[in-house]
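Keep the viewer open as you read.

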Amino acid sequence: MSSLDRKIETEATPQRMPRWPMHFKGMTSADIREGFLNSLRYTIGKDQYTLTKYDQFMALSNTVRERLIERWIMTQQEYYHRDAKRLYYLSMEFLMGRLLTDSIMNLGISDACAQAMDDLGLDLEEIASQEFDAGLGNGGLGRLAACFLDSMATLQLPAMGYGIRYEFGIFNQKIVGGRQQEVPEQWLQYGNPWEIERPENRVRVRFYGRTLYETDEEGRTVVRWIDSDDVIAIPFDTPVPGFDNNTVNTLRLWLARSPHEFDLEDFNSGDYIGACQDKLESENISKVLYPNDSNHSGRELRLKQQHFFTSASLQDIIRRYLKAHDDFREFHRKNAVQLNDTHPAVAIVELMRLLLDEHRLGWNEAWKVVTNTFAYTNHTLMPEALETWPVSLIQRLLPRHMEIIYEINRRFLKRVGAKYPGDAERRQRMSIIEEGAEPKVRMAWLAIVGSHSVNGVAALHTKLLTEGLMRDFHELWPRKFNNKTNGITPRRWLYKANPGLSRLITSRLGTRWITNLEDIRSLAEYADSEELRHHFLDVKRNNKVRLAEKLHAMDGLEIDPDTMIDVQVKRIHEYKRQLLNALHCLHLYNEIKAGRAESVEPRTVLFGGKAAPGYYMAKLIIRFINSVGDLINNDPDAKARLKVIFVPNYRVTLAELMIPAADLSEQISTAGTEASGTGNMKFALNGALTIGTMDGANIEIREEVGNENIFIFGLTADQVREVKSDGYNPYYYYEKSPRLKAVMDMVLNDRLCPEEPGLYKPIIDSVLYGEDRYMIMADFDSYIDAQEKVARIYRDKDSWARKAIRNVAGMGKFSSDRTIQQYAQEIWRTESVKVNRD
């Protein structure tokens, strides 16, 4: 028996043991200083002569972590003592960002830590800058998950996040010759002070093999999964503190290891690579976030990742539940599991397997538990973004799961047939199995069928889901569908990221807004105050100066803080229409070259975001943006009026600098394509005005801030459908619009790539001669008109400040605290558990 097969029972059962007394470490600057020096000497083994800057970060992180752990233990004890209903948030992504300053802020020891470091001749900001961004996400999905964890802890909900401990997260991005280059992101190379390995809670996850049907002594059919290839899942826990309370929840990330790390027989025979083969194959599962799935091996690895972390998480949830319960009758009353998009949908089948095969429940009883436990959040409107897996792949990789999926589908279609007799087309549309030359499993359909709640993430998104993509299911189960508009945590995205604006707000409203963002509505009363507007503009310019200094220090980039800062930062995708923004930059350049420079308000246009490694068009758009920048930035005529910069390696830390500095927020996706967006909320909360379409949460932002304080343009979702159904011809718009023709002719004539003629032909073929799926040609003139309105209003800085302040005041609805309260009350049925120190 290998060492990994040994089960070490070290967990105490709280109900059977008395609580031990807790002794809390001090929170003064003297206490922090003493803890820092002790950590440096006794944990890291350094003195002032040998320590590095990263040692300083590790020592302070260890000091802060000790104070978190005290509250962490107390929180978990309270949950066990109360036998509280738990919420488990399953997500492939958690884009947490840096944790040191976040933890210091939530513990309320920012001043103490700054003073302690100053007493030692050190700088807290410089120490914090040593931390690597944990890039365990690709954008909005992962950052939303991180905001939700923050709100769950701040609202004192018994919650836990589950995901994968990727060795390499989202790649680091370099721009070389205008092209994106992907570099491995090694966030763990110097150690991670926040995580604690929990090897005693490891679990075994199965793949491949076959099923064996037997009959037990009571005559019941028993299914065994045999001849499987197994992987060991090792949990690593990170504390997630709430703001200004004693609650510290857990983010548990799973690392994959082989049960047979080393084959001594192979090694001794000279097969040194074969001796480690199992280890290498197993550890690939948690090696990289989102492996390229353009080939069979990549697709199989992604499905492995999804099953790996969901299986490990469910086994862990069951283990925790059975410590206080003898059967599964109360399981769904004590556990709620939220699926963050379709990636974890295989969890529905895995829980069925565990209940049926491991715990011997009958089908009906197991299905009741499953469907009352799971809830599903959908994050996309595009059918191609809804995951499907070939039946053949699931049969080979997860043979028992495919059997269960077939049975779920059989029973479900029987119900559909009873409800809609004779409607074969509806049955085909709703079937979890998509028939065809290569049958596939529709994971979104599986998630709908296996969950008691299905929610969209913005009012328009939910409306389009229920009227379009998921209409059949909504007609069958109207009460199952609901909306939960996304939100952001005001702690990280205003209080921490924008201290100048936070102080200004607090000077008028007090501090309650930090945990009750609805209070920020009262700021609108001060929008007409000349004094407040003056201070607001000072804060904005200081943020611009800070950004300029940081970009120069990090990448040698030069920006003018006295220009309008126009920002579009998000994942690079055609539907997000970075291309439309770049074409507007070319239009402004044409205006300057035509002798109308005075009509162009000085602006710096900042782009940022990463393209998936296998997404050719997105990577070409990055190259296009850089070519636009090269043309404009090297022309003396444009120097005083326009600059275009692609900021490399956009990440949470950069977002915390760019968002507070922005004057204009570009939220310009084609109407009907963006589920919600949260970047739009972050920018508006920090006093940027939005230029955007009637898409996602833009609609609700307009409702909150007022139509006069946002710049809306373009076709609506209904109009997009109408134009397409009437036979959309993008070339028509090119012919009728002189402004559009001028910029497109620049691209057609290779003005952007004289040394590589035809480089941007795929873009031309797509948007001008092709279907222009995302309506760039149709929306161009409306976008330009809106941008001209932006420039006119921005010239009156006082009027702009008034509008910006009203944007900040209108963001009260968009706190993730509000979102999570709605989830807790309406979906999870979970209640807060107050954690007291005495």
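## The chain as a whole

Of the 838 residues in the chain, 60% count as buried, where buried means under 20% relative accessible area, exposed over 50% and partly exposed in between (1.4 Å probe, protein chains only). Bear in mind that this is a predicted model: local features need pLDDT of at least 70, side-chain atom pairs count only at pLDDT 80 or more, and totals for chains, interfaces and linings use all residues. Residues are numbered from 1 along each chain as its sequence is written, and side-chain values use heavy atoms, with hydrogens and water left out.

You'll find 33 helices and 23 strands here; helices (H or I, at least four residues) and strands (E, at least two) are DSSP runs, numbered from the N terminus. The radius of gyration is 28 Å, close to the 28 Å that the globule rule gives for 838 residues, so the chain is as compact as a globular protein of that length. That radius is taken over C-alpha atoms, and the rule is 2.2 Å times the number of residues to the power 0.38. The C-alpha trace spans about 90 × 75 × 60 Å along its principal axes.

## Cores and a covered helix

The largest nonpolar core has 146 residues, and L60 and F308 have the most contacts inside it. Helix α11 (residues 346-358) gives the most to this core, with nine residues. Such a core is a set of buried Ala, Val, Leu, Ile, Met, Phe, Trp, Tyr and Cys residues joined through side-chain atoms within 4.5 Å. Apart from this core lies another one, of 121 residues, with L583, L586, I621 and V790 among them.

Which residues does L60 touch, not counting residues up to four places away in sequence? The list is I32, F36, L100, I104, C113, M117, L124 and I127, with contact meaning heavy atoms within 4.5 Å.

L100 and I104 are also among the buried residues of α3. Helix α3 (residues 100-107) is mostly covered, with seven of its eight residues buried. The cover includes α2 (53-82), α4 (110-119) and β9 (229-241). Just after α3, G108 takes a positive phi of about 75°.

## Two sheets

Strands count as paired if DSSP finds at least two bridges between them. Both sheets below are open.

| β20-β19-β18-β21-β22-β23 | parallel | β20 (642-647) and β23 (711-712) |

In the six-strand sheet, β22 (residues 689-692) and β23 pair over two bridges, and G692 has I712 in β23 as its bridge partner. Helix α32 (residues 797-809) lies across β21 (664-667), β22 and β23, at about 85° to β22. That angle is between N-to-C directions on a 0 to 180 degrees scale, with axes fitted to C-alpha atoms, for helices over the stretch in contact.

Most residues other than glycine have a negative phi. Q156, in the loop between α6 and β2 (159-164), has a positive phi near 60°. M775, in the loop between α30 (761-767) and α31 (776-794), has a positive phi of about 60°. Are these residues buried or exposed? Q156 counts as buried at 16% relative accessibility, and M775 counts as buried at 0%.
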